[in-house]
Amino acid sequence: LDVSELSRSFAGRPVLDRVSFSMQPGNVTCLLGPSGCGKSTTLRLIAGVDEQTSGTIKVDGQLVSGEGIHHPPEARSVGLMFQDFALFPHLSVADNVGFGLRGSKPEKAARVDELLDRVGLQDYHHKFPHQLSGGEQQRVALARAVAPRPKVMLMDEPFSGLDNRLRDGIRDQTLQVLNEEGAVVLMVTQEADEAM
């Protein structure tokens, strides 16, 4: 992931001013700062759900935004995990994880099985989000986010909704899965302990 001179203004008010950084696969980087400093805006620009005022974004050496180019989110190989997990309530766990996967039905089923096994939810295929604990919902959200094998994983305060008892274990498991996938991981948080 290469972000160069990224700027974003809303109604003439700058939110980001020439932000630049570069990340390699297998690395985890954390943007730390108070609410309103532009962390989530940075993620939204990289994901393609918003467009920068100036600057460029490259994924795997390819320009995805800037210089007159703006690829849509689905064309960027970027996964996004939200604070609220954003699971589809009407879909089973397996259907949530498989949502958006391409390929044959057996290939998609094999990928869903693999990921649910890796996050310790191999017996949860037919459950629905309302039947899961917060930690289980977080693991389903992780499995869904990594299912299409994104090159970049963006995480917007993904552990803030979990109680302290669960947070450390879920965070460690999440980072292990992401490391195994070999993705660039960019996470934002307001918590210094979380960043460390």
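Helices (H or I, at least four residues) and strands (E, at least two) are DSSP runs, numbered from the N terminus. The structure described here is a predicted model, in which local features need pLDDT of at least 70, side-chain atom pairs count only at pLDDT 80 or more, and totals for chains, interfaces and linings use all residues. Residues are numbered from 1 along each chain as its sequence is written, and side-chain values use heavy atoms, with hydrogens and water left out.

## Sheet

Strands of a sheet pair through backbone hydrogen bonds, either parallel or antiparallel. Two strands are taken as paired if DSSP finds at least two bridges between them. By this criterion the model contains an open sheet of five strands in the order 2-1-4-5-6, with antiparallel pairing. Strand 2 (13-22) and strand 6 (69-70) stand at the edges with a single partner strand each, so one side of each is left without a neighbour in the sheet.

Strand 1 (residues 2-10) runs antiparallel to strand 4 (residues 54-59), and four bridges join them. Within this pairing, serine 7 has serine 54 of strand 4 as its bridge partner. Strand 4 is also joined to strand 5 (residues 62-66), again antiparallel, by three bridges. Here isoleucine 57 stands opposite serine 65, and valine 59 stands opposite glutamine 62.

## Helix 1 and burial

Residues count as buried under 20% relative accessible area, exposed over 50%, and partly exposed in between, for a 1.4 Å probe and protein chains only. Seven of the nine residues of helix 1 (residues 39-47) are buried, so this helix is largely enclosed by the rest of the structure. The buried residues are Lys39, Thr41, Thr42, Leu43, Leu45, Ile46 and Ala47. Just after helix 1, glycine 48 adopts a positive phi of about 95°.

Two glutamines lie in the loop between helix 3 and helix 4, namely glutamine 122 and glutamine 131. Glutamine 122 is partly exposed, with a relative accessible area of 38%, and glutamine 131 is partly exposed at 43%. The C-alpha atom of glutamine 131 is separated by 9.9 Å from that of valine 93, 38 residues apart along the chain. For glutamine 122 and aspartate 50, 72 residues apart along the chain, the C-alpha separation is 35 Å.

## Aromatic rings

A pair of aromatic rings is described by the distance of the centres and the angle of the planes. Rings of Phe, Tyr and Trp (its six-membered ring) pair if their centres lie within 6.5 Å; planes under 30 degrees apart count as stacked, over 60 as edge-to-face and the rest as tilted. The structure holds one aromatic pair. The rings of phenylalanine 88 and phenylalanine 99 have centres 4.6 Å apart and planes at 50°, so the pair is tilted. This pair links distant parts of the chain, eleven residues apart: phenylalanine 88 lies in the loop between strand 7 and helix 2 (93-98), and phenylalanine 99 in the loop between helix 2 and helix 3 (105-118). Phenylalanine 88 is partly exposed, at 27% relative accessibility.

A charge sits over a ring if NZ of Lys or CZ of Arg is within 6 Å of the ring centre and within 35 degrees of the ring normal. The following contacts meet this criterion.

| Charged residue | Ring | Distance from ring centre |
|---|---|---|
| Arginine 8 | Phenylalanine 10 | 4.1 Å |
| Lysine 127 | Tyrosine 124 | 5.4 Å |

## Cavity and pocket

On a 1 Å grid over the protein atoms alone, a cavity is a set of points where a 1.4 Å probe fits but cannot get out, and a pocket is an open set with protein on both sides within 12 Å along at least five of seven lines; lining residues have an atom within 4 Å of a point. Grid points are joined across faces, edges and corners, and a volume is the space filled by probe spheres set on the points. Ala, Val, Leu, Ile, Met, Phe, Trp, Tyr, Cys and Pro count as nonpolar, Asp, Glu, Lys and Arg as charged, and the others, Gly among them, as polar.

The structure holds one cavity of 30 Å³ or more. The lining of the largest cavity comprises Leu80, Met81, Phe82, Phe85, Ala86, Ala141, Arg144 and Ala145. Two or more of these residues come from each of strand 7 (78-81) and helix 4 (134-146), and helix 4 gives the most, with three. By class, the lining has seven nonpolar residues, no polar ones and one charged.

Of its 22 lining residues, the closest to its centre are Val78, Gly79, Arg144, Ala145 and Pro148. Strand 7 and helix 4 each supply at least two residues of this lining, which divides into 14 nonpolar, three polar and five charged residues.
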